[in-house]
Amino acid sequence: MEDGRLCQWSVFRSLLAIVQWWSFNVTVIIINKWIFQKLDFKFPLSVSCVHFITSSIGAYTVIKVLKLKPLIVVDPEDRWKRIFPMSFVFCVNIVLGNVSLRYIPVSFMQTIKSFTPATTVFLQWLVWRKYFDWRIWASLVPIVGGILLTSITELSFNMFGFCAALFGCLATSTKTILAESLLHGYKFDSINTVYYMAPFATLILGVPAMLLEGNGIIEWFQTHPSPWPALIIIFSSGVLAFCLNFSIFYVIHSTTAVTFNVAGNLKVAVAVLISWMIFKNPISSLNAIGCGITLVGCTFYGYVRHMLAQQPPGTPRTPRTPRNRMEQLLPLVNNNDKLDDKV
């Protein structure tokens, strides 16, 4: 009886974690698109800067004030040698995501973002010379095919937004790969990651945001009919962005790797559906099919990785890195599959 209740509570906890993760993720995406499109606040660098500032404050509050998470201590030297380069890539990743969101629909942006597994595998193979099982490569075919079909049939296609989203995938992949070497020896969760990287990202982005968008923001503030309510929405998006990082930590510790992968792809489908209901961006049937193929491919890719990771000792596993000079220079660690491309 007790085992049954524990099982029911575990299932309920997992569902609750997934639902609140979906809620924060979809809300952040929709509210950012609303800021760019409805509030006419077309300043993605400044929006990203607001997110970094609020996330820095939120992470400090959670770790130092409320003490809900223990602080992972990092040597001062490592903060500049390891954390700072990661923060730069982290900053580029967030900025490119917001830039793409300004120019292309949420549905198209989310579909392109699903290309991240393919870019991660390709970069690991190209730069780190990692060997991947043929089933990994085969699982990437529907992802690439779905992205191509979606791009060709996108009715609201914008080349600048498309390139920003595509390079955002490369930035996400680079961040994941660099984390294996630069953060070697540190087991960061999403909150500690934000605690260390968000302040650096604010320093990196603050000056460019002021120089490139400062005059535009002043003009927007003078001409917008309701600037103060709009600013409240903009800062609220930053608070929700931090809550999203906290929800990622919660859902990772409440679900299995397979559940996390499937839930992540279903989350994309939910974001696409809700954004279409709100913004009414046109979606052709072929475009919807391409998006569906991409999401199925991502789910299949996650399943293949999980199955290969479950192989018994002695069975060749993937990825496998040949012992070469590059590997010696950049030591790799076995990260939890659930954290790949998610933080």
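Q: Is Ser 14 buried or exposed in this predicted model?
A: Ser 14 is found in helix H1. Its relative accessible area is 15%, and the cut-off for a buried residue is under 20%. Ser 14 therefore counts as buried.

Q: Which residues does Ser 14 touch, not counting residues up to four places away in sequence?
A: Ser 14 belongs to helix H1. When residues up to four places away in sequence are not counted, the residues that Ser 14 touches are Ser 254 and Thr 255.

Q: Is Ser 139 buried or exposed?
A: The position of Ser 139 is in helix H6. Its relative accessibility is 0%, and burial requires a value under 20%. Ser 139 is therefore buried.

Q: What is the C-alpha to C-alpha separation of Ser 139 and Val 296?
A: Ser 139 touches Gly 297, Phe 300, Tyr 301 and Val 304, leaving aside residues up to four places away in sequence. Val 296 is 157 residues from Ser 139 in sequence. In space, C-alpha to C-alpha, the separation of Ser 139 and Val 296 is 9.7 Å.

Q: How are H4 and H6 oriented, roughly parallel or roughly antiparallel?
A: Helix H4 (residues 106–113) packs with helix H6 (residues 134–153) at an angle of about 155°, and their axes are 10 Å apart. Angles over 145 degrees fall in the antiparallel class, so H4 and H6 are roughly antiparallel.

Q: How many charged residues are in the contact of H4 with H6?
A: H4 passes H6 in a left-handed crossing. On the H4 side the contact is made by Phe 108, Thr 111 and Ile 112, and on the H6 side by Ile 147, Thr 150 and Ser 151. These residues divide into 3 nonpolar and 3 polar, and the number charged is none.

Q: What is the C-alpha separation of Ser 226 and Leu 39?
A: Ser 226 is in the loop between helix H8 (190–223) and helix H9 (227–252). This residue is partly exposed, with a relative accessible area of 35%. Ser 226 and Leu 39 are 187 residues apart along the chain, and their C-alpha atoms are separated by 9.2 Å.

Q: What is the phi of Asp 40?
A: Most residues other than glycine have a negative phi. Asp 40 lies in the loop between H1 and helix H2 (44–65), and it is partly exposed at a relative accessible area of 41%. Although Asp 40 is not a glycine, its phi is positive, at about 60°.

Q: Is Lys 67 buried or exposed?
A: Lys 67 lies in the loop between H2 and helix H3 (76–103). Lys 67 is not a glycine, yet has a positive phi of about 55°. Its relative accessibility is 61%, and the cut-off for exposure is over 50%. Lys 67 therefore counts as exposed.

Definitions and conventions: Residues numbered from 1 in each chain as written. Predicted model: local features only at pLDDT ≥ 70, side-chain atom pairs only at ≥ 80, totals over all residues. Heavy atoms only, no water. Helix = DSSP H or I, 4+ residues; strand = E, 2+ residues; numbered from the N terminus. Buried < 20%, exposed > 50% of the residue type's maximum accessible area, 1.4 Å probe, protein only. Axes fitted to C-alpha atoms, helices over the stretch in contact; angles between N-to-C directions. Parallel < 35°, antiparallel > 145°, perpendicular 65-115°, else oblique. Left-handed = near helix turned anticlockwise from the far one by under 90°. Contact = heavy atoms within 4.5 Å. Nonpolar A, V, L, I, M, F, W, Y, C, P; charged D, E, K, R; others polar.
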